[in-house]
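Thanks for coming. Please have a look at it first.

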Amino acid sequence: MSETCKVSVERRGDVAVLSTDGYINNQGGEEIAREAYVELEKGVRALILNLQKTRIVNSIGISILIEVLEKVMERKAVLAFCGLTPTIDKTFRIMGLAQYAAIYPTEEEALQAVGATA
Amino acid sequence: MSDSAIRTSAGVEGLAKAFSALRIEGDKPLPARIAAAALTLAGARRVAIYLRERDRWQLAFDSDPGSGPGDPPDRLLDAAVSHRGLLWVPLEAEGETHGCLALEGLEDDGPTELAAGLGLIFGAVLAANRLSRLVKDAEFEIKARLLELESLYDLGLSLTGQLDISALADEVLYRSISLTDAGKGTLLVFGERGAPPLSRSVGGDILPPEAVRTWDLPAGEAAINNDAANVPTAGVQLADCQKCLVVPIAMPGRRLGVLAVADKESRDGRVLDFTPADARLLALFANQAAAAIDTTRLHREALEKERIERELELAAAIQRQLLPRELPRLAGLELAGSTLPTRQVGGDYFDFFPLSGGRLGFVVADVSGKGIPAALLVSTVHAAIYLQIDASETIVELVSRIDKHLQRFSAAHKFLTLFFGVVEPGSGLLRYVSAGHNPAILARRSGQIERLSATGVPLGLVPNGSWTEETVPFGPGDLVCAYTDGFTEATNADEEEFGLDRLERELTSDLGLPARELSDRLFRAVAVFAQGMPQYDDQTLLIVRREPNS
């Protein structure tokens, strides 16, 4: 796992997939938020956060993800997570993220669920 | 309509307008929305919003950010005041000032009823917003504490089933960093059986590997260093961090490792102090980790022991298959042969081979080493003898062929000693080759003893070994006894060996017994001598006697 979190973005029609690599802490969370807000400004209707290469999320990272989720909901868009480790999955459920954002095992399942077009 | 009714109607209308204005551009931050609403309602040229955070003013929004209006006046208490050409309106609710509105360019610069109304409305909005944030933060904190408890519980559960120490270390480190909001961390665990320590880090190594040995911390207690983590913390040298928290991983009387996290993060990018609560949490985690590491190692050792036991059972089964199930019956000869295996399977082997002309071949062999490798080598020798015995003219030729076979097919550093004899009743001779084996005992009918010493080197030991065949008379009533060193090297509680002399005495003390009974007597003698002490080598003994009247 890299020391600083890197975020890559891939567009699938009007769905943006943000893939993280590294620790989602303050820096990682800010990086995700920055990319997410750029995509929301561009008018995507769904954001998928693929955390397959992330093993750690701290409380600051979670609070930033909650902010992103609130922003997504304000925009009437959808946020989904995929590729979570069992530990992060449970963390998201306890911290309330899973209440408003669906969690899928794989990116393919998340894309299918949000109805992404090619 | 009365003046009062008109004012009330205008007030309600103003209130409605104020709240409606707040909804415009709803995705903007609240201060910006309040400012926009105030601009519209008050007809000001410029508006700035200050928020009261930790008893300090913070400019949250300015419609003309080029020239800051400066801090609100000190005399701003509970009413709007004019100051530096602006009207400063406190935003209050429930007697607490939550913010301040600075308006410029109003037609009437003095305090107005409208300004006071805006102060009340937006003060209430700010208070509600702050309360909402406090509730959210409190809810977040409660969930974070729940997460800590769940993590401790999960760690206990998931770690008990974990067999991979590396995966276990990762799990402990990731959760420790996550729950303390640390920016980095290192976990060191003592290597098993002298292996180097297992080291796991996130954000760079903050502990050198030698810290696994050198830490000096009270058992179960954490050390906090919020001042200068790059100096040793309780004897642990750290590097590349500002603040740290170090905790030992230990079981009573045993060090298992050490865990350090560093540089606790805040939302605004500052490095926060670690708190006693952080230390308690990490110490709890370390206790769980110590128990889990210990359990994992014990579990692995148990599985390894189980695997070895299965291997030994298999080796023993291989050996049992190779030993003669029943002894051949030959006119004029009396035979006995037995093996007493130990728990650790060795490489003893004996067999009889009826040959043409009423002759009898017999062998006793002892392979170096134990377990599966020894059992497999015995199997190889067994096969080689059966394959080569008919094609060999002499015992030396047979032994040479077996040696070649072993040199070619057996693993390096494996060898065996062997005594191979052929009794010829017709000629009254015993021919033999001893490849580095313990001296066999030739007991004459008269009770006289001869030792049949080695006539060559062990098989498989050196290339191009050579052996000679010896011949001794073997008359009616004579007996030859071949055995393995597990018999003569059986030890008692005083670590005294049974020995060849004692074996010879026991053999000749009742030489007239049938071969089977004589063999049993010798095994009993060894058992009595050993006084129940565990033996670590198989005991094998073979007897061939020429019947007195043959």
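Of the 87 residues in the largest nonpolar core, the ones that touch the most other members are L47(A), I48(A), C244(B), L245(B), V246(B), V258(B) and A260(B). By nonpolar core I mean a set of buried Ala, Val, Leu, Ile, Met, Phe, Trp, Tyr and Cys residues joined through C-beta atoms within 7 Å. A residue is buried if 20 or more other C-beta atoms lie within 10 Å of its own, exposed if 12 or fewer, and partly exposed in between, with C-beta atoms placed from the backbone. Helix α6 (residues 276-322) of chain B supplies the largest share of this core, eight residues. Apart from it lies another core, of 61 residues, which includes Y349(B), F487(B), A490(B) and I543(B).

A word on the source. This is a predicted model, in which local features need pLDDT of at least 70 and side-chain atom pairs count only at pLDDT 80 or more, while totals for chains, interfaces and linings use all residues. Residues are numbered from 1 along each chain as its sequence is written, and chains are lettered from A and ligands numbered from 1 in the order in which they are written.

Back to V258(B). What is V258(B) in contact with, leaving aside its neighbours within four places in sequence? The list is L188(B), L207(B), A211(B), V212(B), W215(B), V236(B), V246(B), P248(B) and I249(B). Contact here means that the C-beta atoms of two residues, placed from the backbone, lie within 7 Å.

Next, strand β9 (residues 244-251) of chain B. Seven of its eight residues are buried, so β9(B) is largely enclosed by the rest of the structure. Helices (H or I, at least four residues) and strands (E, at least two) are DSSP runs, numbered from the N terminus. Two strands pair if DSSP finds at least two bridges between them. Strand β8 (residues 223-225) of chain B runs antiparallel to β9(B), with three bridges joining them, and A223(B) stands opposite V246(B). Strand β10 (residues 254-265) of chain B is also antiparallel to β9(B), through eight bridges; there, I249(B) has G257(B) as its bridge partner. β9(B) and β10(B) make a hairpin with two residues between them, and G253(B) in the turn has a positive phi of about 80°.

Chain B also has an open sheet of five strands, in the order β2-β1-β5-β4-β3, with antiparallel pairing. At its edges stand β2 (56-62) and β3 (81-83) of chain B, each with a single partner strand, so one side of each is left without a neighbour in the sheet. Six bridges join β1 (residues 46-53) of chain B to β2(B), and Y50(B) has L59(B) as its bridge partner in β2(B).

Now chain A. Its helices α1 (residues 26-41) and α2 (residues 59-74) pack at an angle of about 10°, with axes 8 Å apart. Axes are lines fitted to C-alpha atoms, for helices over the stretch in contact, and angles run from 0 to 180 degrees between N-to-C directions. α1(A) and α2(A) are therefore roughly parallel, a term for angles under 35 degrees. Among the residues making this contact are I32(A) and L40(A) of α1(A), and I64(A) and V68(A) of α2(A).

Last, the contact between the chains. How many residues does each chain give? It takes 19 from chain B and 19 from chain A. On the chain B side, α3 (113-160) and α4 (165-180) are the elements that give two or more residues, and α3(B) gives the most, with six.

Key. Angles under 35 degrees count as roughly parallel, over 145 as roughly antiparallel, 65 to 115 as roughly perpendicular and the rest as oblique.
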